[in-house]
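Hi,

Here's the model I said I'd pass along.

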Amino acid sequence: MVTSESNSGEILQLFLKIGLDERTAQNAIVNGKVSSNLKDVIREAGVEDGCIKSVGNLLYMVATKYPANALKHRPFLLQYIILSKIKNPNQLEKALSFLSNIGPESLEVDDFEESCGIGVEVSVGDIKAAVDEVVNGNMEAILAQRYRINAGNLYGQVRKLQPWADARVVKEIMDAKLHELLGEKTAADEEKPVKKKKEKPPKVEDKVIDASNSACAPALVDTNPFLIFPEPGENIQVHTEIFFSDGSVLRPHNTKEKLEKHLKVTGGKVFTRFPPEPNGYLHIGHAKAMFVSFGLAKERNGYCYLRFDDTNPEAEKMEYIDHIQDIVNWMGWGPFKITYSSDYFQELYDLAVELIKRGHAYVDHQTPEEVKEYREKKLDSPWRNRPIVESLMLFEEMRRGMVDEGKATLRMKQDMQSDNYNMYDLIAYRIKFTPHPHAGDKWCIYPSYDYTHCIVDSLENITHSLCTLEFETRRASYYWLLECLDLYLPYVWEYSRLNMSNTVMSKRKLNRLVTEKLVDGWDDPRLLTLAGLRRRGVSSEAINTFIRGVGITRSDNSMIRVDRLEHVIREEMNNLAPRTMVVLHPLKVVLTNLEASAAMELDAKIWPDAQEGDAASFYKVCISNQVHRSYIWR
């Protein structure tokens, strides 16, 4: 933030008038956000001419800590500070917490005042009684440690007994009580305690393991990877900030009523979804997506949809739909319900009509090349501001098949000057005269992914919408659309995709290998498709163990070596696959230095990690002077 010297001096004087010390005031000026907030707070409080220091300190606390989702209540809070109904930082902390929880919803004054102790008078006698109780409870430690005792801990115990007491008065009374009990400080009290050196553990050989690359890295993490996700009832906070080119900021969040309605439908349970597009076979990257969405639902005793994102009728086949259902079951996941985005085509169409009526969508006639050019130049479409009635009429004609394919689209009216490319008036509907594998030939207009995904999440009351990091820039568009339609907002969180070495992970490239017959189908054992791994003999348990060991993070630049997967598979096979010895191409060999009557029994391991003394893990191999070996040399 650049300010002229004279303007900076005026701001400094304004901050000093409310009792801030000069250093705090200077630091506030340097921080543009704090400076702007503090000026607004002073203006809203009506103290441009100054106030007492205790009030000014509370105003500074409001400027630095006030929750963004409750700005409408800030003038209300400031009046409580100016009128000295809120007198200390502890009361203000409780007030800020209360306002953060209700956001922009209307508040109950009685509940607010109760939450932050308005009207509660704590006398000096009350504080002295609390101090006596704390001192008596810690007497042994006080007499032993004298003035070296942690006084801050004692103050905190008093504030637990009297949460609305003035912290300054608590300190004065506690200090006086300690002086009365211990007398003047002695030389020994002034000495700094000698810190005990921590004993070093016995030195062991250092072993550095690269968790992302090492084949010997632990296959299974000990911690619960799903602890990072909030509970459904906590989904009232601001999800993200969407900055528009006109300077306005949208802070999407669920209202209290909207969240309560959602929780009533879901019973407070976690609802997730695994939404593959049925345009190919699933690969090991999808195993991570399944683990995250199905795993969170299972860990929280919730439910996970298997939802087919089937908005493109040209790329989808029943073969892929059948395969995905089969693989999901083989991976050990049981969907709560199998749905299709196409199940909601009517609701999506109705909401598109509503979006046009609200002035947030328009029918456009630009070609794909023109759309690309205008986006690159940040130019509005010539049809962006056409009348709402005209867009409604044209959209109806599109639905009835009266407009040729490629001649019109429905676009969302977002922000063509935004810094986020995914706010450049994304396409919501396009015309395709192609029958749909699931919906048949009822529709000739089909919704886009960007339009469909967030709406169906909301319609299915998804609590946690989890996807990979390449969708992070789409978060603004996701929440913008739901806010425009006044729909419930799921909690969105992006994680890093699974990048594997020495393999192909792109569906497009896998499809090319299959269609050009460079491999033996989608289940070729050389591919890391889940069907290919299954054909190779890999179990779903080994794959899930590998995925859990990789973890759920937002680090998107890590490459997992394929030999780490092979290590996990090998470890599992060591525990599940018994070994035996077979000669496929026998050649009789006579040992001339062993008598014909001689015979020996040797122990052979059934399991590679068999322990000595475990008879069940070994079998006997008889050796005589005649043995067989393979006559095929390798």
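Asn-88 caps the N-terminal end of α6, with a side-chain oxygen 3.2 Å from the backbone nitrogen of Asn-90. Bear in mind that this is a predicted model, so treat what follows accordingly.

The helix itself covers residues 89-102. Just past the end of α6 comes Gly-103, which has a positive phi of about 60°.

Which residues of α6 are buried? They are Gln-91, Leu-92, Ala-95, Leu-96, Phe-98, Leu-99, Ser-100 and Ile-102. The cover over them includes α4 (53-65), α5 (74-82) and α7 (109-115).

The other residue I'd point you to is Tyr-66, in the loop between α4 and α5. Tyr-66 has a relative accessible area of 11%, so it counts as buried, the cut-off being under 20%. Setting aside neighbours within four places in sequence, Tyr-66 is in contact with Met-61, Leu-71, His-73, Arg-74, Leu-77, Leu-96 and Leu-99. Two of those partners, Leu-96 and Leu-99, are also on the list of buried α6 residues. For Leu-99, the separation from Tyr-66 is 33 residues in sequence and 8.7 Å in space, C-alpha to C-alpha.

Cheers

Technical notes:
Residues numbered from 1 in each chain as written. Predicted model: local features only at pLDDT ≥ 70, side-chain atom pairs only at ≥ 80, totals over all residues. Heavy atoms only, no water. Helix = DSSP H or I, 4+ residues; strand = E, 2+ residues; numbered from the N terminus. Expected span 1.5 Å × (residues − 1). Buried < 20%, exposed > 50% of the residue type's maximum accessible area, 1.4 Å probe, protein only. Contact = heavy atoms within 4.5 Å. Polar contact = N/O pair within 3.5 Å; in protein donor to acceptor, adjacent residues only side chain to side chain.
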